[in-house]
Amino acid sequence: VWTNGTHQDVVFSYIGICMVIMGIMGVPPNNFMLLCFSLALLFIVLKESHNMAYRDQLTGTSSRRAMEVQASGLSKRFAVVMCDVDHFKKFNDTYGHDTGDDVLRLVAKKLACVGGGGLTYRYGGEEFVVLSNGDIDLSMHIAEKIRLAVSNTTFNNKTIKISIGLTALRNSDTPLSVIERADNALLTAKKQGRDQVYVSNV
């Protein structure tokens with residue numbers, strides 16, 4: 001229960017409320033209450049700092065930094081699914097940046113809803129990464145489910161499409177090299193017509 005962020009917030013909020021009530025009533029707080037309140041404030045500051053570093057503020061998904069940390073600790077079977085919203089610039093140019101932000105939030109939500117054990121991250125701009133802790137066949141299945149989930153979505157009567165590059169970790173790979181190869185696979189998917197999954201040689 002304690003690891004649940006909601007429960008933690010409730011406990012620390014309760015401590016803060018107690019401190020305020022004691023102050024209003026003129027009751028001098030004892031050292032224990034002061035310690036609890038100080039720890040609560042410290043926890044909140046640390047939690048917010050962590051969120052700023054490891055969570056994307058726009059979409060609510062994990063950030064690129066979180067992905068880099070996670071990739072370094074995954075098994076040798078993981079694959080990288082690199083996704084990019086097709087013609088995203090048109091959304092911004094036609095409807096404005098606020099609408100573009102809404103599109104990114106919607107795509108992030110679609111990616112998070114796709115099952116199969118993939119972890120979703122915002123890589124930057126309109127690019128997202130899903131780290132699939134499985135073999136290439138499972139990862140191909142996840143990638144295609146992602147593409148279909150997004151391609152069945154419309155925004156302002158315009159269908160959203162994504163291109164996907166997929167590759168699996170090789171024995172000689174580093175987290176950086178496998179992500180770069182997935183990015184190159186994504187570029188190939190774009191060049192071949194978009195709205196498709198391109199699998200790099202494995």
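Helix H5, which runs from residue 97 to residue 113 in this predicted model, contains 17 residues and spans 24 Å between its first and last C-alpha atoms, close to the 24 Å expected at 1.5 Å a residue. Several residues of H5 are buried, namely Thr99, Gly100, Val103, Leu104, Val107, Ala108 and Leu111. An α-helix has 3.6 residues a turn, so residues three or four places apart point the same way. The buried residues of H5 are covered by elements that include the strands S1, S2, S3 and S4 as well as the helices H4 and H6.

Attention may now turn to the charged side chains, among which 10 salt bridges are counted. In one of them, aspartate 84 pairs with lysine 190, and the closest N and O atoms lie 2.5 Å apart. Because aspartate 84 belongs to strand S1 and lysine 190 to helix H7, this pair ties together parts that are 106 residues apart in sequence. Aspartate 84 is buried, with a relative accessible area of 8%, and lysine 190 is also buried, at 16%.

A further salt bridge joins lysine 89 to aspartate 93, with 2.6 Å between the closest N and O atoms. These two residues stand 4 residues apart in helix H4, and are therefore separated by about one helical turn. Lysine 89 is exposed at 58% relative accessibility, and aspartate 93 is exposed at 54%.

Aspartate 195 and lysine 161 form another salt bridge, at 3.7 Å from N to O. Aspartate 195 lies in the loop between H7 and strand S7, and lysine 161 in the loop between strands S5 and S6, so the pair connects parts 34 residues apart in sequence. Both residues belong to a network of salt bridges that also links Glu144 and Arg147.

Notes:
Residues numbered from 1 in each chain as written. Predicted model: local features only at pLDDT ≥ 70, side-chain atom pairs only at ≥ 80, totals over all residues. Heavy atoms only, no water. Expected span 1.5 Å × (residues − 1). Buried < 20%, exposed > 50% of the residue type's maximum accessible area, 1.4 Å probe, protein only. Contact = heavy atoms within 4.5 Å. Salt bridge = Lys/Arg side-chain N within 4 Å of Asp/Glu carboxyl O.
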